[in-house]
Amino acid sequence: MLAQQIVNAISLGSVYALFALGFTLVFGILGVINLSHGGIFMLGAYAALLLISKFFLPFWIAIPVAMIFSGLVGLLIDVLILRRLRQRQASHLMPMIATIGAAILMTSLAQGLFGSEARRFPLEMFNDENLKLGNITIPLLQAGITTLSILLMLLMVWVLKRTRLGQALRAIAESPRAAALLGIPVERLFYLTSFIAAALGGTAGILIGLSFNAISPFMGQPMLHKGIAAIILGGLGDVRGAVLGGLFLGVAEVFAITFLSSEYRDALSFGLLFLMLLWRPQGLFGASATRSA
Amino acid sequence: MRLRPLTALLTLLSALIISMASPAGEIRIGLTEALTGPASQYGTPIHNGFILAQEEINAKGGISGNKIVLIEEDERGKKEEAINVYKKLIFQDKVLMIFGPTLSNSMFAAGPVANAAHVVAFGTSNTASGITDIGPYVFRSSPMEADVVPVTLKAAIKHLNIHKVGIIYGNDDAFTKSGYDVFKQALEDQHIPVVDTETYSKGDVDFKAQLTKLKAADPDVIICPCLSEEGSNILLQARALGIKLSFIGGNGFNSPKLVEIAKTAAEGTIVGSPWFDGNPSVQNQHFIAAYRKKFGTDPNQFSAQGYDALFILAEALKKVKLMGNLEQDRQALRDALPDVQIDGATGKFAFRPAPPHNGKPGGYDANQTPFVYIVKNGKFVLLK
Amino acid sequence: MDWSSWWSTYSTLVLSIGVYGLMAISIYITLSCGLLSLANAAFMGIGSYVSAVATMQFELPFSLALLLGTLTPSVVALIIGVPVLRLSGVYLAMATLGFGEVVRVVALNLDITGGPLGLNGIPLLTEWWHVLLALILVLILLNALRHSKIGRAFEAIREDETAARLMGIATHHIKLLAFVLGAAIAGLAGGLNAHYTFTLSPGNFGFENAVDILTMAVLGGIQGLIGPLLGGAIITLLPELLRSLEEFRMAANGVILIAVVLFLPQGIWDPRRFRRWLKKRATHVDA
């Protein structure tokens, strides 16, 4: 049973990780807690669902199109809302409230357009098989999600650490003003960050929609809670930390169920978050405190 | 849909000023369900059931010539909105009685308002115990879990070899928690030990950790007082983990969606409920066909209960002579309702007085015999 | 429509405006000293449960129940405030959100709170004048506080905490005071709310409500005590005013939030903007 639970923990954790990746990226570069990330996650899932079931696009076209669509939604939020707040140098409270507004708007529109019933992709259209290793079952799709989130994390880390783009982004994270003085096109890179983060969030939504009967206008809210816990555990704004934090949260939840009782699962994950902030605000994996926000 | 906040404001203001009297030939009935927010996945089908029934009743000439007018309001599944809507319907719209709200928690908030104003509050989806303790003006057509679960369990024991069970349920929801409490009691009465109890929260989609633990506890059957939404995910993941056991569901597990989504994973699932789509009665087959035609989706138990509730009212109104005096009419309706019996989409229906609570008279619960169904070859069939 | 039938229809709405005005003020206190705490929904929940249990199970008089409902969250705030208030900004917001979830899960799993079914059949005890009196008392207290040394310390901390500390202000104590005071007012509001809505369940005090309360304060404006009151009233009335939009009415809610943040950054009640307007008009008259 323990081996199976470890598999369960990793597969649950990697979903959290994938969601947290984009969430933390926005905080790391823009210094903003984007509470509409759950809404983007939800819209990504609906976009893919619509493309496949209404426009009959093949799987391998629909998914990238839905990813780009989610990215554009994120870009739109940046251009319409976050950019203005940046120009005004508003306090961190303002983007939080504005993005809550955006999340409410998205949820409400999705409910009006698609109804409130949960849906999933047509089962026949993808591989629903399981890998069996002795007693352990590994759903292939879940294995795919885990692999993908780790690959995306490695890619992001590589971009941030090894490329000129990453260098510029890190400079912005330190100080947007100094970066601008160095001739870095700060505003354009903000847009790019918002686009990439939202595309990642949308991807998480699409993959959840593939694995579970879970596409509903309200799917973003619970995930947002987990995402907040994950990025705090991993250290706000830290890309590696988000993935590790997501995995850690998955492990903590599954182990709470295995060794304690499932009733304590939620209390444990949020209690953990609470204690973590008191003990190590920079998170489990953060080396030093991120910029004070 | 155009956005018209100004019109909305004006409507509200004018409503504040002008009191409305009901024109002759209309019977004004309040209908409040959760039409937005997460509870709308239950509220919307109920609402649809009512709309369909209203159309059918009015098309046949209404109640001795008077048309039924539904004053529809959204209560978002929130207790304060449920109270506000109830007060608006009772004191401003001056309705004869009110159907809804969707969630038991909302009825606990709004029911006392109607009871104090001597207006019938009629729930079609409230299954929690204690609802009809609110007072003698509170009715419900949804059978309590306490009526459904023991019957289901007995039938399942006869059908399967059950010596020990595992349970999984949502512990942050009044509906599923009530179901769990009743199952627990019924299992105690039958002296069947529970080897493992697992819980989940609203919005969860991954149940593999809980199911893995249940599998290790080696029960003979898994009891799942869940809603079909989570139920189908639980069934699919259980099969993926190699759990071949039968599942026993509570009231509300028997949605056609369950089989549609879970497909073969739902085989052998046992549920108890007054309604199922395979019930061959004329009323039920007519209801299902008409619902599909009007709304383009399959009905579920909630829509069937909403549909039947309006016919229950229509039956009562046949015996009431409306005098135009609102207070007397409301009381006359209240006095006529308890004796109503119909044979609707959910089968034979009658009310049963709730026992007095702390010396105060209670309202009326549903008195319906639940049937027990099992999923065979992708369809709900009667368990013999 | 005559007065008594108007009151029958809208009494709950009026009481809610008052109670959510109190909630908006409770978060205004912490905001006014620069703390972004989102724990007030949880404190309201604690106050609601404590006072409802007091009247229902122990049959205490309403006044005593309200007092307990005010004191219990204050004590909780005092205990968690000491470690939590070392955090600032987004970290504090997240920690207090986490605390709120813990409170919700505890309420779900305790017997005395009725679990997910909550407490039902709570007696109807809150009268309109209770709410009015609570509001007036709180406003008088806070107005006095604002013009005292402590009020100036709040402002100093919000402007620049380090400078305030260097000036000799006991910043940690002052922040703790704001946190506890906010919890007390939220608890009082909770006790009042529980006794006119007949029922309580853990879902009433989750993330969504924490966010709603914050929105009230920011929407109304946090330059003074009028802003939060106004914001509380607007957010309470909005769903009722937007009824005719049906399934899209929450969308309008979202749009309004965004618009306020973008176009009225100081909130609706912004004395400085009003003064600017007045000045402009005065110069027009002069010319």
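**Exercise 1.** Determine what percentage of the residues in chain B of this predicted model is buried, and describe the overall form of the chain.

*Solution.* Step 1: a residue is taken as buried if 20 or more other C-beta atoms lie within 10 Å of its own. By this criterion, buried residues amount to 59% of the 384 residues in chain B.

Step 2: turn to the secondary structure, which for chain B consists of 12 helices and 15 strands. The radius of gyration of the chain is 21 Å, close to the 21 Å that the globule rule gives for 384 residues, so chain B is as compact as a globular protein of that length.

Step 3: consider the extents and the contacts. The C-alpha trace of chain B spans about 65 × 45 × 45 Å along its principal axes. Of the contacts in chain B with a separation of 6 or more, 70% join residues 24 or more positions apart.

**Exercise 2.** Characterise the contact between chain B and chain C from the side of chain B.

*Solution.* Step 1: chain B contributes 37 residues to the contact and chain C contributes 33 residues.

Step 2: on the side of chain B, two or more residues come from each of α1 (5-17), α3 (79-92), α4 (104-116) and α6 (174-189). The largest share, nine residues, belongs to α3(B).

Step 3: sorted by class, this side of chain B comprises 17 nonpolar, 10 polar and 10 charged residues.

**Exercise 3.** Identify which residues of α5(A) are buried and what covers them.

*Solution.* Step 1: helix α5 of chain A (residues 140-162) has 23 residues and reaches 32 Å from its first C-alpha to its last, close to the expected 33 Å.

Step 2: its buried residues include Q142(A), I145(A), T146(A), S149(A), M153(A) and M156(A).

Step 3: the cover over the buried residues of α5(A) includes α1 (2-30), β2 (136-139), α8 (186-211) and α10 (239-259) of chain A.

Notes:
Residues numbered from 1 in each chain as written. Chains lettered and ligands numbered in written order. Predicted model: local features only at pLDDT ≥ 70, side-chain atom pairs only at ≥ 80, totals over all residues. Helix = DSSP H or I, 4+ residues; strand = E, 2+ residues; numbered from the N terminus. Expected span 1.5 Å × (residues − 1). Buried ≥ 20, exposed ≤ 12 C-beta atoms within 10 Å, placed from the backbone. Contact = placed C-beta atoms within 7 Å. Nonpolar A, V, L, I, M, F, W, Y, C, P; charged D, E, K, R; others polar. Rg over C-alpha atoms; globule rule 2.2 N^0.38 Å.
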